[in-house]
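Student: I would like to go through this model with you and ask, for each label attached to it, what the label rests on.
Tutor: Then let us look at it together and take the labels in turn.

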Amino acid sequence: MKVTFLGAAHEVTGSCTLLESDGVRGLVDCGMEQGQDIFVNQEIPVPPAELDFVLLTHAHVDHSGNLPLLFKKGYDGPVYATPETCNLCRIMLMDCAHIQESEADWHNRKGKRSGKKDYEPLYTTDDAQTAIDHLRPIRYGEKVQIAESFTVRFSDICHLLGSACIEVWMTEKGRDRKMVFSGDVGNYDQPIIRDVPAKVAEADFVLVESTYGDRLHDRSKPSVERLADYIQRTLDRGGNLVIPSFAVGRTQEMLYFIREIKEKNMVKGHDHFPVYVDSPMANDATAIYLQCDRDCLDDATRALVDAGVNPIWFDDIEISVTSEDSKAINEDPVPKVILSASGMCEAGRIRHHLKHNLWRPESTVLFVGYQAVGTLGRRLYDGEKKVRLFNEDIQVNCEIGFLPGKSGHADRDGLTEWLRGFLQKPKMVFVNHGEDKTTEVFADWVEQELGLKAFAPYSGTEFDLIESVFLACPEGIPAKKEESAGGAAATDLYRLLQQRGDDLMSLIRTMRDKPNKTNRQFVKDVENLLKKYQ
Ligand SMILES: [Zn+2]
Ligand SMILES: [Zn+2]
């Protein structure tokens with residue numbers, strides 16, 4: 001019985017962990033890396049066709065985005081997730097596939113001019129549809145046996161609609177172990193969804209995220225008041241307030257706040273200021289939020305619904321569906337609020353709004369969520385004064401703002417509080433889903449503050465859950481920028497070499513009971529190999 005850490009190891013994105021027990025193997029999350037790749041992720045060491053299940057903590061792309069690729073590579077089994085996560089994945093995986101296809105189109109158009117051969121998308125809308133067809137809903141709180149050696153239960157972790165921490169019970173040769181995956185732990189004062197992440201009382205092992213594991217959120221002023229200040233200031237100057245916002249989750253929260261701002265007349269002198277939602281996916285996601293199970297909502301939102309108030313809708317919302325609608329937004333000089341995706345400014349319509357507003361001192365770009373290293377959003381957030389968009393250098397003259405404390409993630413205290421829920425001390429707390437140093441800092445904190453053993457594994461780390469020992473404990477391999485095809489090939493080759501090294505170690509572990517004669521020869525062969533390359 002073992003766990004292998006593959007993705008979001010010493011970095012924030014690309015969550016993926018392999019569990020094996022009694023010959024049954026499955027993944028917890030199958031996420032896509034976003035922004036700059038910091039460390040090389042090991043390939044899943046099992047052919048996808050031989051995996052038995054996937055458990056999905058929530059719909060965010062850094063947890064779900066590689067599912068279509070997994071199916072493309074031969075996986076054909078179930079993907080278990082909560083009903084709301086399944087609903088959100090239907091739109092998000094399709095959107096990811098559309099992005100992959102249009103990027104491939106762009107490369108091919110560019111390649112044609114320079115005579116380069118066909119560029120294949122990472123995966124297609126057909127692959128996404130296959131993944132969607134394999135989604136299997138499991139409701140919060142239900143204990144479900146998904147294989148002879150695996151039983152699971154999802155509980156609300158209050159990070160995104162449908163988000164869950166997952167308890168996994170495993171058996172092998174009559175021995176039991178339980179591992180709990182935190183998923184992304186929610187921030188307790190978010191609007192719309194429930195506020196207090198479900199605690200788990202028992203676990204042998206825990207994998208906990210650490211996005212904000214070395215920081216505390218600033219709660220000195222409610223987010224809704226700060227947002228009202230930004231709207232007031234920007235509209236007074238005659239500019240636009242541009243909010244790069246994840247289409248799913250953050251956009252609905254912003255709509256919730258703006259409804260409240262309008263209802264309480266918190267912005268003066270701009271009655272009926274228009275609010276544009278310029279993201280087709282955001283509009284689909286809003287519909288899913290409006291139809292979700294009441295149990296997923298917090299008390300305040302449920303009270304609004306009971307009073308007949310739509311919590312995320314108001315009269316002055318303008319929806320842009322077509323790209324013509326989108327372009328018209330910037331032709332109209334009326335000061336306005338624009339919500340658009342993607343949240344980290346890497347793709348999508350937001351880039352057009354940035355092009356039209358970054359150079360304007362009267363406008364504001366307001367960040368309302370985590371910006372991964374290497375993304376355009378992060379560079380703007382860090383104060384870069386000139387950026388390149390659509391082959392044009394654009395001077396950044398607008399106000400750059402952010403809503404402190406506005407995060408879907410718990411801060412250090414929130415994570416600590418969640419870990420305090422374990423009444424019996426887990427044997428080990430593994431820390432992932434944080435920037436390199438943050439994972440280490442939070443692991444140290446867990447040891448000192450909670451007296452628990454904690455460790456931040458790099459990709460490729462293997463741990464025996466029965467014997468509580470590391471089977472492989474590699475260092476992280478910094479990802480090199482793949483500038484040329486040659487560079488990419490070298491990285492792939494190095495990755496292959498590492499895999500063979502791991503194979504060799506696996507083989508050595510089986511050699512203990514072999515005859516001395518065989519092992520003597522084996523030692524000689526390995527020594528010769530070492531001599532040859534050292
Ligand atoms: Zn998330
Ligand atoms: Zn995440």
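Student: In which strand is Gly-7 found?
Tutor: Gly-7 is found in strand β1; please keep in mind throughout that this is a predicted model.

Student: Why is Gly-7 called buried?
Tutor: A residue is called buried if 20 or more other C-beta atoms lie within 10 Å of its own, and Gly-7 has 26 other C-beta atoms within 10 Å, so it counts as buried. Leaving aside residues up to four places away in sequence, Gly-7 touches Gly-14, Ser-15, Cys-16, Gly-31, Asn-41 and Ser-459. Of these, Asn-41 is 34 residues from Gly-7 in sequence, with 5.8 Å between the two C-alpha atoms.

Student: What makes β1 and β2 a pair?
Tutor: Two strands pair if at least two bridges are found between them, and strand β1 (residues 2-7) and β2 are joined over five bridges in the antiparallel sense. One position to look at is Thr-4, which stands opposite Leu-18 in β2.

Student: How do you know that β2 also pairs with β3?
Tutor: The criterion of at least two bridges applies again, and six bridges join β2 to strand β3 (residues 24-30), the two strands running antiparallel. Within this pairing, Cys-16 has Cys-30 in β3 as its bridge partner. The hairpin of β2 and β3 has two residues between the strands, and there Asp-22 takes a positive phi near 55°.

Student: What makes β2 mostly covered?
Tutor: Five of the six residues in strand β2 (residues 16-21) are buried, and on that count the strand is described as mostly covered.

Student: What makes the length of α5 close to expectation?
Tutor: Helix α5 (residues 223-237) has 15 residues and reaches 21 Å from its first C-alpha to its last, to be set against the 21 Å expected at 1.5 Å a residue. Its buried residues include Arg-226, Leu-227, Tyr-230 and Ile-231, and among the elements that cover the buried residues of α5 are β12 (241-244) and α6 (250-263). Just after α5, Gly-238 takes a positive phi of about 85°.

Student: Why is Asn-391 called exposed, and why is Ser-468 called partly exposed?
Tutor: The label exposed needs 12 or fewer C-beta neighbours, and partly exposed covers the counts between that limit and the 20 of a buried residue. Asn-391 has 5 other C-beta atoms within 10 Å, so it is exposed; Ser-468 has 13 C-beta neighbours inside 10 Å and therefore counts as partly exposed. Asn-391 lies in the loop between β17 (386-389) and β18 (392-395), with a positive phi of about 60° although it is not a glycine. Ser-468 lies in the loop between β22 (462-464) and β23 (469-472), and has a positive phi of about 55°, although it is not a glycine either.

Student: What makes the peptide bond from Ala-341 to Ser-342 cis?
Tutor: The bond is assigned as cis with an omega near 10°, and Ser-342 has its place in the loop between β15 and α10 (350-357).

Student: How do you know that the radius of gyration of the chain agrees with that of a compact globule?
Tutor: For 534 residues a compact globule would have a radius of gyration near 24 Å, and because the chain has 24 Å, the two agree. The C-alpha trace spans about 90 × 60 × 45 Å along its principal axes, and 46% of the 534 residues count as buried.

Note on methods: Residues are numbered from 1 along each chain as its sequence is written. Chains are lettered from A and ligands numbered from 1 in the order in which they are written. This is a predicted model: local features need pLDDT of at least 70, side-chain atom pairs count only at pLDDT 80 or more; totals for chains, interfaces and linings use all residues. Helices (H or I, at least four residues) and strands (E, at least two) are DSSP runs, numbered from the N terminus. The expected span of a helix is 1.5 Å times one less than its number of residues. Two residues are in contact if their C-beta atoms, placed from the backbone, lie within 7 Å. The radius of gyration is taken over C-alpha atoms; the globule rule is 2.2 Å times the number of residues to the power 0.38.
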